[in-house]
Every structure is written in C-alpha cells, then in structure tokens.
2 protein chains.
Amino acid sequence: KTPVPVAEYLFRRLHEIGIRSIHGVPGDFNLVALDYIPKAGLRWVGSVNELNAAYAADGYARTKGISALVTTFGVGELSAINGVAGSFSEHIPVVHIVGCPSTISQRNGMLLHHTLGNGDFNVFANMSSAISCDTARLNKPSEIADQIDHALRECWIRSRPVYIMLPTDMAEQKIEGARLDTPIDLAEPKNGVEREDYVVDVVLKYLHAAKSPVILVDACAIRHRVLEEVHDLVEKTQLPVFVTPMGKGAINESHPAYGGVYAGSGSRPDVANRLESADLVLSIGPLKSDFNTAGFSYRTSQLSSIDFHSTHCTVRYSEYPGVAMRGVLRKVVERVDLSKLSRPTSPEVANEVAKNRDSSETITQAFFWPRIGEYLKEDDIVVTETGTSNFGIWDTKYPRGVTGLTQILWGSIGWSVGAAQGAALAAKDMGVDRRTILFVGDGSFQLTAQEVSTMIRHNLKVTIFLIYNEGFTIERFIHGMEAEYNDISRWQYTEVPTVFGASDKQVRKFVIKTKDELDKLVTDKEFNEAGGLQFVELWMPKEDAPRVLKITAEIAAKNNAKM
Amino acid sequence: KTPVPVAEYLFRRLHEIGIRSIHGVPGDFNLVALDYIPKAGLRWVGSVNELNAAYAADGYARTKGISALVTTFGVGELSAINGVAGSFSEHIPVVHIVGCPSTISQRNGMLLHHTLGNGDFNVFANMSSAISCDTARLNKPSEIADQIDHALRECWIRSRPVYIMLPTDMAEQKIEGARLDTPIDLAEPKNGVEREDYVVDVVLKYLHAAKSPVILVDACAIRHRVLEEVHDLVEKTQLPVFVTPMGKGAINESHPAYGGVYAGSGSRPDVANRLESADLVLSIGPLKSDFNTAGFSYRTSQLSSIDFHSTHCTVRYSEYPGVAMRGVLRKVVERVDLSKLSRPTSPEVANEVAKNRDSSETITQAFFWPRIGEYLKEDDIVVTETGTSNFGIWDTKYPRGVTGLTQILWGSIGWSVGAAQGAALAAKDMGVDRRTILFVGDGSFQLTAQEVSTMIRHNLKVTIFLIYNEGFTIERFIHGMEAEYNDISRWQYTEVPTVFGASDKQVRKFVIKTKDELDKLVTDKEFNEAGGLQFVELWMPKEDAPRVLKITAEIAAKNNAKM
Ligand SMILES: Cc1ncc(C[n+]2csc(CCOP(=O)(O)OP(=O)(O)O)c2C)c(N)n1
Ligand SMILES: Cc1ncc(C[n+]2csc(CCOP(=O)(O)OP(=O)(O)O)c2C)c(N)n1
Ligand SMILES: [Mg+2]
Ligand SMILES: [Mg+2]
C-alpha cells in the first residue's frame with residue numbers, strides 16, 4: 001500500500017533504532033543507495049578509508065549504542081573486515097551494509113571489477129559470516145523487509161555485527177513500507193520465570209551467606225547493557241565494586257563502594273587482596289582474556305564465583321544455560337535482604353600524583369596517568385589504544401560519567417583514532433557537550449592518521465594526546481627492546497591536522513616535554529574548554545612503560561616462547 | 001645434520017627465490033621470527049600499516065617477480081586481506097606469512113588477544129584460503145620444510161598468493177637445513193609433447209590461412225611470464241600487436257608492429273577496426289573483465305580467436321585443457337612459416353599532444369595523458385590508480401622498457417600508493433636506476449597517504465602526480481555528479497611528505513595549474529633527473545574525464561541499474 005525503495009526502508013530503520021550518522025566510503029555498487037541517506041534524516045560521514053570507517057563505526061556504537069557502515073563489494077568490505085572483526089570480538093553492534101553487483105550480474109557470473117575473476121559472488125559474504133551474527137543477502141524483494149528487520153534485531157540483541165549485502169538492482173526495488181509504522185522489536189527475550197527464580201534463589205543463598213562478597217564488573221556488562229541493573233545493585237547493597245580493564249568506565253569511580261581495577265597480579269595489592277580473599281565474587285559480564293587479566297593471573301576461585309553472562313549464568317560449577325543476566329540481576333536487586341548482607345569496605349582509589357612525581361622533568365608513565373585523572377572531567381569520553389596507554393589508564397581514576405573506550409581483546413592498533421572520531425560524532429549526534437579525549441601511541445597513530453581528516457570535516461571536539469616515545473614501546477617490552485623493527489619514522493605529528501585540512505582556527509597544537517609543561521597545559525582554561533580539535537605531542541621515554549604493561553608483556557613473551 | 005630454525009629456513013628460501021625486502025608490520029606473535037630477516041640477507045621494510053604493506057608487496061612482486069609480507073595474527077592479517085585478495089584476483093605472487101599464537105595456546109583454546117574470543121584459531125586462515133592458492137599451517141617440525149617449499153613453488157608457478165601460518169613456538173624449532181643446498185624447483189610443468197604439438201599444428205593451420213591476423217596481449221601474458229615468447233613471436237612474424245588495458249606495458253610501444261590499446265568501443269577507431277576485422281586474433285593471456293574491455297564491448301568473434309592461457313588453450317570453440325601457453329608459443333615461433341603469413345600493417349601510435357592542446361590554460365584529461373607520454377623515459381615504472389588515471393593512461397604512448405602497473409580487475413583505490421612504494425623498492429633491490437612515476441587521484445591518495453612515509457624511510461626515487469580534481473571524478477561519471485558523497489576534504493597535499501618525515505632535501509614539491517606550468521615542469525632537467533621523492537599537485541577540472549572513462553562509466557551505471 002505504501003511502496004518504498006529498499007534503500008529507503010533500510011535507512012529509515014537505521015534511523016529508527018538510533019543511528020544518525022553512517023560511516024563508509026562510496027563505490028559504484030553502493031552509490032544509488034547512498035542517495036537515500038539524507039532522505040532518511042541521516043548524515044553521511046564520508047570516511048577516508050574503509051578500515052578507519054569500521055573503527056569509527058565501532059566507536060560510534062560504543063557511545064550511541066549501535067552504528068552502521070556502508071562499503072562497496074570486495075575492495076571496500078575487505079578493507080573494513082579487520083575493523084568489523086574487532087566489533088565481533090568485542091561485542092559491538094555494527095550494521096555492515098555492502099553494496100554489491102546486481103543479482104543479474106551475479107547470476108550470469110560476470111567478470112566484473114572488484115571480483116576475484118572467478119564468478120563467485122559469495123566468497124566475501126562467506127568470509128564475513130565468520131565475524132557476523134547474521135548475514136542477509138537481499139536478493140528477493142518479497143523477503144527483504146523481513147531480512148532487514150531480523151538482521152537489525154540480531155545486531156542489537158546479540159550486540160555483534162551483522163552483514164547485509166545489497167545488490168545494485170535491489171536498492172530501488174519497491175517493498176511494502178507500511179511495516180515501518182511498527183518499530184522493530186528490540187526487546188531481549190525474557191528468561192523463563194521458574195528457571196530465573198531458581199537461579200535468583202541460588203545467587204541470594206550464596207550472597208546472604210557470604211562474609212566478604214564483592215562485585216566485579218567486566219566488558220559484557222557494558223556490551224549487553226546491564227549497567228542500570230549493576231548500578232542499582234551497587235546502590236542498594238553498597239558492596240565493594242571493582243572493574244576489570246575492559247570494564248573500566250562501567251562504574252562511577254567516585255562512588256564510595258568503588259574499589260579499583262582488578263586484573264590478577266596486575267592489580268594494586270589492596271585490590272588483589274580484597275578480591276582474592278573474597279568468599280564470593282559476583283562477576284558480571286566476565287571476559288577473561290589474557291590482556292584483561294594481566295596474563296591469566298587471577299587468583300580467585302571458581303568455588304567462590306558467580307558469573308553473569310548474556311546467555312547464561314554460572315554459580316560455582318553449576319551452569320544455567322538460557323538464563324540471561326539482566327532478569328536475574330534485576331530480581332537480585334529487588335529481593336536481596338540487606339539485613340543478611342555482610343558488607344566489607346572498599347579499598348580507597350585516588351589519582352596518586354604526588355607519590356609518582358619524581359624530581360626529573362621527564363614525563364614518566366607512572367606520573368602521567370594519575371595526573372591525567374585530575375584533568376579529566378565528568379562525562380568525558382576517554383579513548384585509549386593498545387600500547388602503553390591501554391595499561392597506563394588503569395592508574396587513572398575517572399570522574400563520574402566518564403565513558404572509557406578500549407579494545408583490549410581484539411587489540412588492533414590504529415583503532416583508537418577511528419574510534420575517537422566515531423565517539424565524538426556520536427556525542428554530537430546525541431546533542432550532548434562531552435569532550436572526547438584520545439590517548440594514542442605514535443606507532444598506532446601512523447596506521448590510521450588520516451582519520452583526523454574526518455574529525456576536521458565534521459568539526460568534532462577531540463583532544464588527542466599522542467604519546468611520542470619513538471616507536472613500539474609495548475613491543476619492546478615483549479621482544480626486541482633495541483630491535484629496528486620496533487622503530488618508526490619521526491613524523492611532524494603536530495602538523496598532521498593542518499595537512500589534513502584544518503585551518504589555524506580549527507586546531508590547536510602543543511608539544512609537551514616536561515611535567516611542568518603538562519601541568520600548565522592541563523590546567524589551562526582554554527585547553528580545558530576548547531570546542532574543537534586539539535593535538536598534543538607528548539614526549540615520554542622510549543623505554544618506559546606502565547607497571548602493569550611490564551608484567552603483562554613478560555607473561556605474553558613467556559607464553560609465546562613456551563615449547 | 002645442519003639444524004636451522006624454521007624462521008631462518010623460511011627467510012633463506014625467500015632470499016633464494018629473489019626476494020630482498022620483506023613488507024609488513026610487527027606484532028608480538030611474529031617478533032621472534034623477525035629477528036631472522038637481516039640474518040638471511042633481507043631488509044625489513046617497516047610498513048606503516050598492513051593494508052599498505054600488502055599493496056606494496058603487490059607492487060614489489062609486479063616489478064621483481066615475487067614478494068613477501070609478514071603480519072600478525074587476526075588484526076594484522078585481516079588488515080592486509082584486501083590487499084592480498086587483490087593480488088589473488090590479479091595473479092600476483094605474494095607470500096603472506098602470519099605470526100600466530102603457539103601451538104600450545106591453540107590446542108588449549110586460550111582466550112588470547114587478537115582472537116574472536118571463541119577459541120577458534122583457524123577462522124582467519126579459513127578466510128584467507130579463499131584468496132590463496134596454498135595454505136600452510138606450520139604446526140609440526142617434521143613437515144615444515146616440505147610445507148614451505150611447496151607453498152613457495154605454488155606461489156610462483158600459479159602466480160598467486162599463498163598463506164603461511166607460523167606459530168610462535170615453531171619460529172625457532174630446528175629443522176634440517178641441508179635441504180637449503182638444493183634450490184626449490186620453480187620450473188613450470190611441461191606440456192605433454194604430443195598434446196602440445198597437436199595444438200601447435202592447429203594454431204599454425206589457422207595462422208597460415210589467415211588474411212589479417214593480429215596479436216592481442218593481455219594481463220596473464222605478463223603474470224604468467226610469457227613475454228619473452230611473445231616478443232619473439234612479434235619479432236619473428238612482425239604481426240600487428242595490440243595490448244589490452246591490463247596488458248599495457250607488455251609490448252615495446254615504439255616497435256613498428258605495435259598498434260595500440262584495444263578495449264572494444266573504448267579503442268581508437270583505427271584500432272577497433274583492425275582488431276574487429278581481423279580474421280584471426282592470437283589472444284595471449286586474456287582476462288576479459290568489464291573495465292579491461294570498456295564494459296564488455298569487444299566486437300571480435302570467438303570464431304576468429306585463439307586464446308592462450310596458463311592452464312589451457314582455446315582455438316575457436318575447441319578447448320585444450322592442460323596445454324599451457326608457454327610451450328605452444330615457443331613452438332609457434334619456431335615453426336611458423338613466414339612465407340605463408342599475411343602481414344597487415346599496424347595503426348600508427350603517437351602521443352597526440354598538439355591535437356589535444358586546446359587554447360585554455362586548464363590541464364584537461366585529453367591533453368595531459370599524451371603530454372605525459374613525451375615526458376616518460378625508457379624503463380620508467382608507471383603506476384596508475386583506479387580513477388581517471390587508469391583510463392587516461394590508454395592515451396599515453398610508452399617508451400621502450402616501461403613497466404605499467406595497474407589494478408584494473410580488483411580496482412581497490414589507495415593501492416597505487418603502496419604499489420609505487422613496492423615497485424620503487426624492487427627497482428632499488430635490483431640495483432637498477434629506474435624512475436617510478438605514480439599517477440593517483442586525490443580521493444584514492446587519501447586512503448593510503450601514509451605510505452609516502454615508507455618511501456621517505458627508504459629514500460626511494462618516486463615522482464608522484466596527484467590529480468587534484470576535488471574528489472571522486474570517476475564515481476561522478478557513474479552516479480551522483482554533484483553528490484556530496486563524491487566530495488572529499490581538501491588536504492594540503494604538497495605538505496604530506498614533510499609531515500611524514502621528509503626533510504627539505506628529501507622532497508621537491510610542485511603545484512601545477514596550467515598547461516604551460518606542466519610543460520615547463522616535465523621538461524625541466526632537474527625534475528627529470530631527480531634522485532628522490534617529488535610531489536606534484538596537479539590541478540584538473542572536477543567534471544573532466546578521459547574519453548574511455550566516460551564510455552565505461554556509462555556502461556557500468558547501466559549494468560548496475562538493469563532490473
Ligand atoms: C593492526 C595491528 N598491527 C600490529 C599490531 C601489533 N602491535 C601491538 S602494539 C604495537 C605497537 C604500538 O606502539 P605505540 O602505539 O607507539 O604504543 P606505545 O609505544 O605507547 O607502546 C604493535 C605494532 C597490532 N596490535 N595491531
Ligand atoms: C577500497 C575502495 N573503496 C572504494 C572504491 C570505489 N571507488 C572507485 S574509484 C573511486 C574514486 C577515486 O577518486 P580519485 O582517486 O580522486 O580519482 P579521480 O578523481 O581521478 O577519478 C572510488 C571511491 C574502490 N574502488 N576501492
Ligand atoms: Mg610509541
Ligand atoms: Mg579525484
């Protein structure tokens with residue numbers, strides 16, 4: 001009754017589920033579809049390349065909830081695939097739309113550009129299926145609306161990328177638009193009541209009996225959107241609450257119950273002590289990867305653990321498949337009997353600046369990260385990169401409302417530059433005035449530097465701290481401290497924004513070599529309140545690394561060498 | 001008897017087959033292996049990112065015959081995969097070595113960084129297997145030498161990428177080194193004599209009977225290394241010889257028998273005429289993709305064609321599987337009876353500068369490409385990018401010995417910047433003093449701009465002509481002439497090399513806006529003889545495209561829209 005073109009249907013659905021900007025790069029197989037982006041009230045980002053676009057979409061989704069990426073067949077999608085794989089690995093919902101040759105060309109096995117020359121038009125979709133939770137090939141108009149709705153629902157609920165293949169001859173096919181009046185159902189399936197109650201009882205039994213229970217919040221609590229439940233749990237119980245490196249930012253670090261970052265032997269002693277002597281750890285959304293656990297160095301026992309996942313819960317060694325954490329947590333909050341609860345105190349967390357200020361002028365890693373904690377403000381978005389910054393940030397205490405973005409599991413360098421662009425754009429799209437602050441190593445920055453161009457193009461508010469330490473310091477600590485392969489070229493980093501199109505009004509540049517210069521910069525009013533792009537080249541020693549990076553690197557090297 | 005570490009074995013084999021520089025980016029899963037690169041007499045390139053590294057390896061292989069690329073598990077290899085897919089599509093032999101977690105970690109399904117978090121360590125290798133002609137997982141020391149030798153042989157003979165997965169705990173395992181005394185056998189399998197003679201007889205029968213036979217040289221003649229046979233055939237028969245766009249550079253364009261570029265309706269009328277009225281086309285290494293045929297617009301008949309492939313030959317409609325072109329061509333050269341041969345004349349080919357010089361100052365596409373033909377010198381390496389340059393170059397007549405690098409089938413933009421770096425490095429490694437000249441669009445350049453940094457790092461001799469036409473002109477001609485998505489940010493292009501580390505001595509910069517400025521530049525002695533990097537920002541109109549691009553774009557748009 002209300003026929004709409006497929007492309008319009010798709011983009012209106014994206015708008016409906018909260019997306020406002022579309023990342024990607026044009027190509028002749030997606031051009032016609034792109035015409036429908038502004039019509040659906042969406043912004044075309046116009047990314048500089050597809051990998052950066054994928055990283056940016058990842059950062060956008062981490063900030064706004066979900067995102068979309070449009071690429072072209074073969075060349076575009078494969079350029080992006082590492083970024084999308086990262087979103088899969090890290091549970092980020094990204095809708096990847098690939099404009100592909102017409103169904104007619106496909107059927108005829110035409111020898112087209114952007115193919116392997118073998119007439120196989122499914123090979124790239126097959127590659128992507130390994131890193132997508134749904135793959136939709138939009139080949140038949142009668143099925144397309146269903147396919148799109150299903151894919152978007154899967155993307156949201158499973159919090160992972162989906163892959164949508166849109167042939168050129170389908171982009172403007174008309175499908176029934178009346179469906180658009182009914183929003184896609186994004187509600188998570190509810191747990192069976194009996195089953196859920198059973199698990200809640202078990203949890204409460206252990207919780208009420210525990211002498212020193214604590215809460216540990218990890219990545220999947222953020223990714224599967226149970227932070228409200230977790231905050232209510234903390235608020236109500238006032239139990240000591242800790243975060244893992246991937247969970248950092250999930251908890252208000254100014255809350256009296258907040259106790260710090262736990263990562264086994266990478267933790268501060270008082271944190272390790274409290275966690276490892278607890279007789280019950282409510283572990284919410286755990287994702288125990290090597291770098292998230294300082295090399296698998298937890299010394300907690302499964303006998304005193306309850307793990308809450310998006311697909312199941314595990315109490316000690318008992319598994320409860322199909323019981324998702326949200327419902328359980330909600331009921332635990334409602335039903336917990338505070339009178340039966342033992343409440344140990346939390347270790348105190350502070351930015352230990354004075355303690356780490358040695359007498360040298362040099363900005364050491366030990367000094368820098370707590371110092372940055374004092375510079376950060378409520379609701380900042382903080383992006384850190386694989387390298388010294390991902391580990392240094394453990395020693396930064398966040399103000400309330402800070403969102404922390406890291407890619408600790410996938411760990412693809414260069415990601416943070418794209419992610420910062422996406423995050424800042426998301427904040428802009430949400431109409432909130434948050435600062436996006438990026439900490440990126442000089443090595444990582446080189447991989448994706450041109451994403452700064454997109455920041456400028458959209459006038460985004462980003463402050464970039466580029467850690468200038470002459471190369472791959474994290475790698476040096478794993479292997480090859482002096483090796484040539486860990487060196488990089490010396491760029492004129494502060495000139496990068498100018499070259500990528502920023503006028504002098506659009507960017508402010510700084511070279512910071514000493515503690516005093518740093519102090520002055522981060523207390524400067526203008527610096528703190530800047531509305532646009534700022535670029536800080538920050539000198540740090542080549543052979544200096546945060547405490548926990550040294551520990552983790554040593555374990556990684558041993559693991560690699562083990563025969 | 002002479003135990004050598006696996007990494008040493010591998011890199012010594014790479015040296016043996018002609019590789020001198022290894023492209024790639026370090027990661028903790030490949031660091032230990034990298035230590036063996038200098039020991040094997042190889043140079044580590046230290047690329048800025050993996051996609052650029054893959055593009056560069058592609059360019060290196062096109063120039064030096066074969067190349068290698070080292071990445072790290074997951075993040076690194078997937079970043080490179082689009083580049084390697086291009087090498088697969090275009091028949092370029094690239095050895096892709098991926099440092100991966102130890103066999104022990106794999107067996108234990110450890111939750112490591114750079115994984116999808118699902119314990120699956122084969123998922124990336126499986127993705128790569130679709131774009132590799134051999135996949136070797138080096139897990140058992142006793143099999144490794146065989147696996148390596150086999151992979152390298154396949155890579156060379158089939159002229160396509162191979163994938164080698166090297167676990168950290170295997171890099172230093174000792175294997176028998178005595179094998180290294182015997183070089184890998186890279187000889188192509190010979191055709192069966194009787195079969196081959198049969199095909200030669202058929203070919204000669206048609207050739208001797210033809211009234212107006214011509215030769216058409218395409219991509220696979222270059223890729224499967226039969227240019228010597230082709231040159232001998234031309235020399236002996238003096239038959240008119242043409243090239244396709246992907247075959248451009250295969251034939252000495254100053255040779256009297258050379259007749260120009262054939263691509264159906266994209267050809268100059270006299271060329272189209274000669275080809276399409278020929279009663280026999282000896283088509284050597286044909287690869288009839290859309291952009292290589294100006295949108296499938298050949299008007300030749302299979303009834304008057306003999307196709308020579310690396311795996312078979314086809315005479316009219318008769319197929320001869322298993323008969324590779326090399327042996328057949330060699331015998332045709334030996335046995336052709338010149339007294340029975342009709343030899344039509346070739347169309348004349350010239351750089352039509354005067355004819356295309358209109359009275360405006362503007363550098364038009366029509367003017368530029370023939371003009372460049374006069375600037376080029378013998379043995380130059382010319383790299384062109386998907387966009388106006390790939391089509392414009394059809395109107396450039398190459399001097400003798402010019403190598404033309406294009407990626408017409410895969411067509412991934414940004415490729416040319418990496419490929420130019422790889423080609424220039426290959427020339428350097430070969431100890432020859434060739435100029436590498438890159439023509440790249442402003443849009444394409446933005447994707448991989450930082451590869452200029454690698455050119456500087458290795459002091460490569462590259463002249464870059466950046467076609468500044470404010471965006472994606474080729475796309476404009478396909479769809480969306482005025483569309484915002486075809487616009488790009490204005491960069492300070494000429495400052496790019498400086499920002500990426502070039503001193504004023506290392507780079508010369510030019511902004512060229514008029515025909516006169518261009519004339520002056522390309523006739524300047526210093527410009528012509530420069531030993532390092534030169535960067536030319538070349539202004540061309542936004543809505544101007546080479547003649548053949550307009551034709552091809554129209555056909556592509558129609559193809560896409562067909563319902
Ligand atoms: C795409 C990708 N390629 C390679 C790696 C391996 N890698 C991990 S960290 C790192 C070096 C990072 O150096 P830098 O950003 O300078 O950080 P820092 O010096 O602060 O440690 C490299 C090369 C990776 N993780 N991802
Ligand atoms: C990796 C990749 N992404 C997207 C495309 C689609 N595409 C083909 S050509 C082109 C524009 C090239 O523009 P430019 O380099 O400026 O060339 P020109 O203006 O000379 O045509 C684009 C976006 C592609 N081929 N490869
Ligand atoms: Mg560094
Ligand atoms: Mg352009």
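How many disulfides does a search of the whole structure find over all chains? The search finds 0 disulfides, a disulfide being defined as a pair of cysteine sulfur atoms within 2.5 Å. Cys133(B) is accordingly in no disulfide, and the nearest cysteine sulfur, that of Cys155(B), is 6.2 Å away. This separation is too far for a bond between Cys155(B) and Cys133(B). Both residues are buried, with a relative accessible area of 12% for Cys133(B) and 0% for Cys155(B). Here, buried denotes under 20% relative accessible area, exposed over 50%, and partly exposed the range in between, with a 1.4 Å probe and protein chains only.

The model is predicted, so that local features require pLDDT of at least 70 and side-chain atom pairs count only at pLDDT 80 or more, whereas totals for chains, interfaces and linings use all residues. Residues are numbered from 1 along each chain as its sequence is written, chains are lettered from A and ligands numbered from 1 in the order in which they are written, and side-chain values use heavy atoms, with hydrogens and water left out.

The interface of chain B and chain A was examined next. In total, 86 residues of chain B are in contact with 86 residues of chain A, contact meaning heavy atoms within 4.5 Å. The two chains bury about 6,900 Å² between them, and 63% of this area is on carbon and sulfur atoms. Buried area is the accessible area (1.4 Å probe) that two parts lose on being put together, summed over both. Across this interface, the rule finds 0 salt bridges, a salt bridge being a side-chain nitrogen of Lys or Arg within 4 Å of a carboxyl oxygen of Asp or Glu.

Val48(B) has contacts in both chains. With residues up to four places away in sequence not counted, Val48(B) touches Gln446(A), Leu447(A) and Trp491(A), together with Val25(B), Gln450(B), Glu451(B), Ser453(B) and Thr454(B). Val48(B) is located in the loop between β3 (43-44) and α4 (50-64) of chain B. Helices (H or I, at least four residues) and strands (E, at least two) are DSSP runs, numbered from the N terminus. The relative accessible area of Val48(B) is 7%, and the residue is buried. From Val48(B) to Val315(B), the separation is 267 residues in sequence and 47 Å in space, C-alpha to C-alpha.

Asp442(A), in helix α18 (residues 442-448), and Gly471(A), in the loop between β19 (462-468) and α20 (473-478), are 29 residues apart and link distant parts of chain A. Asp442(A) is buried at 0% relative accessibility, and Gly471(A) is buried at 5%.

Over all chains, the count comes to 77 salt bridges. In one of them, the side chains of Arg371(A) and Asp519(A) meet at 2.5 Å, N to O. Arg371(A) lies in helix α15 (residues 365-375) and Asp519(A) in helix α22 (residues 515-523) of chain A, so the pair ties together parts that are 148 residues apart in sequence. Arg371(A) is buried at 7% relative accessibility, as is Asp519(A) at 16%. A salt bridge also joins the side chains of Glu526(A) and Arg508(A), at 3.6 Å, N to O. This pair links helix α23 (residues 525-529), which holds Glu526(A), to strand β20 (residues 507-512), which holds Arg508(A), 18 residues apart in chain A. Glu526(A) is exposed, with a relative accessible area of 56%, whereas Arg508(A) is partly exposed at 26%.

Helix α17 of chain B (residues 415-429) has 15 residues and reaches 21 Å from its first C-alpha to its last, close to the 21 Å expected at 1.5 Å a residue. The expected span is 1.5 Å times one less than the number of residues. Of the 15 residues of α17(B), 14 are buried, and the helix is thus mostly covered. Just after α17(B), Gly431(B) takes a positive phi of about 70°.
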